Amino acid sequence: MDCDRCGADAVMHAAYSGAHLCGDHLSASIEKRVRRRVRRDELIPREASPENPQTWVIGLSGGKDSVVLTQILHDTFADDPRIELVGLTIHEGIEGYRDKSVDACVELTADLDIRHELVSYEDEFGVRMDDVVEDDPENMAACAYCGVFRRDLLSRYAEELGADLLFTGHNLDDEAQTALMNFLEGDVGQIAKHFDASLGPLPDREDQDDFVARAKPLRDVPEKEVALYAHLNDLPAHITECPHASEAYRGEIQGLLYDLEERHPGTRHSIMAGYEELADVAATEYGEDGDVELTDCPQCGSTTSVTGDRCRKCTLLDALA
Ligand code: SF4
Ligand SMILES: [Zn+2]
Ligand SMILES: [Zn+2]
């Protein structure tokens, strides 16, 4: 098959749009979608200026998604004095896995001349995920501990680095999976939270000034295209899967979505279009019913919705001690 735009050999056929694209035109199309999302979500506020630059902290794991996001943000904004990029990498303490992806992060940020910060569970909490999995005091999946610790460090360091926004590399498949999981679990509160945290208009997100607002400009790009972008542009992305990966339910949903997309191209896009509208309604409804009260954890001081008690992270760390 030939590229629709230039006639060179196509590297992919996007069934959802009918497009056949060569490597160069696929890359250009992905970059265009990311820039459009930055514009639509109004990620650059009017008051941003060279004197008042925005600090954008990118959660950089070294996997293809965050590496591609960092590269495209760099290519777009490296010469824009209103934007400063910082890569933030979390080391969970997973032997043979995270060390290699940290190498990818160091290589990429050195290549692009971006400031890079590395923080670890071991230094911050005195635990390593490899040991947490062995201990498992709460009888939970590895990711249930890991997610709590990661969220804590990402928000804390984003704040310490003076972030105006915290970027993550979630792609279209990730978002459609989360949407479907929230539906199937019947969790309207979670749908409202998802909207407030990263789907709704940025000015609303910033109103919740207890947290640094999130941004996910890769969320219109399917996972397979992100992987192709990393490959075509020879980016130092690390592709091995975490040995403790245990989100079995997400795996099932992923399989379901692959099948649906294959038979009904465009399913992921239509799920997200409808979901965003519904999530907006859910967020409004839940907002009126009185927001969850946020307080400071008496042990570590981080913002928590668990009233009158320590935050989830402190509870888990105590159980592990
Ligand atoms: S797959 Fe789970 S355990 Fe592994 S790094 Fe991700 S959240 Fe942590
Ligand atoms: Zn082409
Ligand atoms: Zn705490």
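Where does UniProt place the feature "domain: 2-thiouridine synthetase TtuA-like N-terminal LIM"? The unreviewed entry puts it at residues 3-26. The model is predicted: local features need pLDDT of at least 70, side-chain atom pairs count only at pLDDT 80 or more, and totals for chains, interfaces and linings use all residues. Residues are numbered from 1 along each chain as its sequence is written, while chains are lettered from A and ligands numbered from 1 in the order in which they are written.

**Annotated spans**
- UniProt positions follow the numbering used here, feature names are shortened, and annotations may be inferred rather than shown by experiment.
- Residues 3-26 are 17% helix and 25% strand, and their end C-alpha atoms lie 9 Å apart.
- Helices (H or I, at least four residues) and strands (E, at least two) are DSSP runs, numbered from the N terminus.
- The UniProt annotation "domain: tRNA(Ile)-lysidine/2-thiocytidine synthase N-terminal", from an unreviewed entry, covers residues 56-189.
- Residues 56-189 are 56% helix and 16% strand, with end C-alpha atoms 28 Å apart.

**The sheet**
- An open sheet has 5 strands in the order β5-β4-β3-β6-β7, with parallel pairing.
- Strands pair if DSSP finds at least two bridges between them.
- β5 (115-120) and β7 (214-215) each have a single partner strand, so one side of each lacks a neighbour in the sheet.
- Strand β6 (residues 165-167) runs parallel to β7, joined by 2 bridges.
- Phe 167 stands opposite Ala 215 in β7.

**Helix packing**
- Helix α7 (residues 172-184) packs with helix α11 (residues 248-263) at about 110 degrees, their axes 10 Å apart.
- That angle makes α7 roughly perpendicular to α11 (65 to 115 degrees; under 35 is roughly parallel, over 145 roughly antiparallel, the rest oblique).
- Axes are lines fitted to C-alpha atoms, for helices over the stretch in contact, and angles run from 0 to 180 degrees between N-to-C directions.
- Residues in contact (C-beta atoms, placed from the backbone, within 7 Å) include Leu 180 in α7 and Ile 253 in α11.

**Around ligand 1**
- The residues surrounding ligand 1 include Cys 143, Cys 146, Cys 242 and His 244 (C-beta atom, placed from the backbone, within 6 Å).
- Helix α6 (residues 142-160) gives the most to this shell, with 4 residues.

Key:
Contact = placed C-beta atoms within 7 Å.
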